[in-house]
Amino acid sequence: MTRPTGRVLTLLELLQSGGVRTMAELADRLGVDGRTVRRYVDQLAELGVPVEAVRGRYGGYRIGSGYRLPPLMLSDDEALAVLLGLLAGRRAGPTAAAGTAGETAAAKIRRVLPRPLARRLDAVLESLAFTAAPPVFASPDAEVLLTVADAVRHRRPLSIRYTDREGRRGERSLHPYGIVAHAGRYYVTGADPGIGEDRTFRLDRIAAARALPGSFEAPAGPDPAQRLVSGFAAAEYRHHVTLRIHGTVDAIRARLPATVATVREADAAADADPPAGPDVERWLRVELRVERLDWLPSVLASLDRPFVVEGPGELRDLVVAFADRLASRARGA
């Protein structure tokens with residue numbers, strides 16, 4: 001590769017990184033004068049790369065928005081970051097299934113890398129080991145994701161075709177507040193204008209989405225992520241559990257996260273003057289809605305803090321039975 005050609009490609013790489021690059025910066029990075037920079041810009045234009053000149057005190061050059069560059073130029077660090085990010089994404093959940101866009105994107109990047117760099121990156125990827133198999137979650141449809149995101153940005157109502165967890169299909173209306181990634185899945189939170197209540201939908205269960213006429217105002221209050229975890233904690237399940245636990249908010253949250261339980265101050269009778277702060281021990285009221293109770297006794301034991309089971313009575317019996325089993329095994333009986 002001749003030196004001028006190499007500098008033209010370096011210019012392309014600099015412009016690809018985004019933003020406006022000043023003439024002085026480009027000349028300094030390329031080791032040439034301003035006149036030569038302009039000549040290199042003209043060469044990129046002849047190759048079909050739309051380089052825009054930005055006038056003014058902070059002017060310079062930038063790539064035209066929305067253009068897909070023919071050669072994607074990545075430094076060693078950038079190539080490693082992209083491939084590791086794609087690999088981690090496949091392991092994390094939403095792109096874990098074989099044949100996904102993440103896998104094909106990684107294959108394309110590796111195919112166009114220089115051989116020495118490709119061999120080094122292959123060595124990194126081959127040496128990686130994981131402690132657990134990746135979870136396999138269904139991926140959201142790309143068109144659905146883009147349509148929902150556009151509706152969130154512009155506050156537009158949506159009509160969605162949705163399949164619930166019972167397999168029932170139907171058409172829903174939604175005022176979408178935001179998209180939340182949680183535990184390997186994507187969710188959209190918003191309000192159902194028909195019933196006037198907040199709803200959460202898994203994006204991979206939405207078969208189609210289309211924007212409706214009009215707009216809406218997003219309410220003040222919790223952000224979409226907070227609405228999601230609060231909704232999970234308050235979901236309608238078989239059992240409504242009420243506890244009082246003497247401990248810190250942080251300690252309780254370590255075993256019972258916000259997606260599972262709500263934690264608030266206990267009533268004044270339990271603690272006449274409860275101190276403030278998440279790291280101060282006091283009596284706290286914890287509420288859960290769960291389908292099964294059998295996992296809760298071991299969680300309460302792991303807290304190692306005083307607690308009272310206010311309800312249901314079935315949980316109280318399970319805790320007593322769990323304590324008896326531990327005592328019996330500790331005695332070697």
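Buried means under 20% relative accessible area, exposed means over 50%, and partly exposed lies in between, with a 1.4 Å probe and protein chains only. By that scale Arg244 is buried, with a relative accessible area of 19%.

This is a predicted model, so local features need pLDDT of at least 70 and side-chain atom pairs count only at pLDDT 80 or more, while totals for chains, interfaces and linings use all residues. Residues are numbered from 1 along each chain as its sequence is written, and side-chain values use heavy atoms, with hydrogens and water left out.

## Salt bridges

Side chains of opposite charge can pair when their charged atoms come close. A salt bridge here is a side-chain nitrogen of Lys or Arg within 4 Å of a carboxyl oxygen of Asp or Glu. The count by this rule is 13 salt bridges. Among them are these:

| Pair | Closest N to O |
|---|---|
| Arg292 and Asp294 | 2.7 Å |

Arg202 and Asp204 are both buried. Asp294, the partner of Arg292, is partly exposed, with a relative accessible area of 46%.

Arg244 sits in strand β8 (residues 239-247) and Glu310 in strand β11 (residues 307-311), so the pair ties together parts that are 66 residues apart in sequence. Strands are DSSP runs of E with at least two residues, helices are runs of H or I with at least four, and both are numbered from the N terminus.

Glu310 is partly exposed, at 34% relative accessibility. Salt bridges with shared partners join Arg244, Arg285 and Glu310 into one network. Arg285 belongs to strand β10 (residues 282-290). Arg285 counts as buried, at 11% relative accessibility. The side chains of Arg285 and Glu310 are also joined by a polar contact of 2.5 Å. A polar contact is a pair of N or O atoms within 3.5 Å; within protein, one must be able to donate a hydrogen and the other to accept it, and residues adjacent in sequence count only if both atoms are side-chain atoms.

## A nonpolar patch

Leu84, Val124, Leu128 and Phe130 make a nonpolar surface patch of about 290 Å². Patch residues have over 30% relative accessible area and no salt bridge; nonpolar side chains (Val, Leu, Ile, Met, Phe, Trp, Tyr) are joined within 5 Å, like charges within 9 Å. Areas come from the Shrake-Rupley method with a 1.4 Å probe; for residues, only the protein chains shown count as cover. Leu84 lies in helix α4 (residues 76-92).
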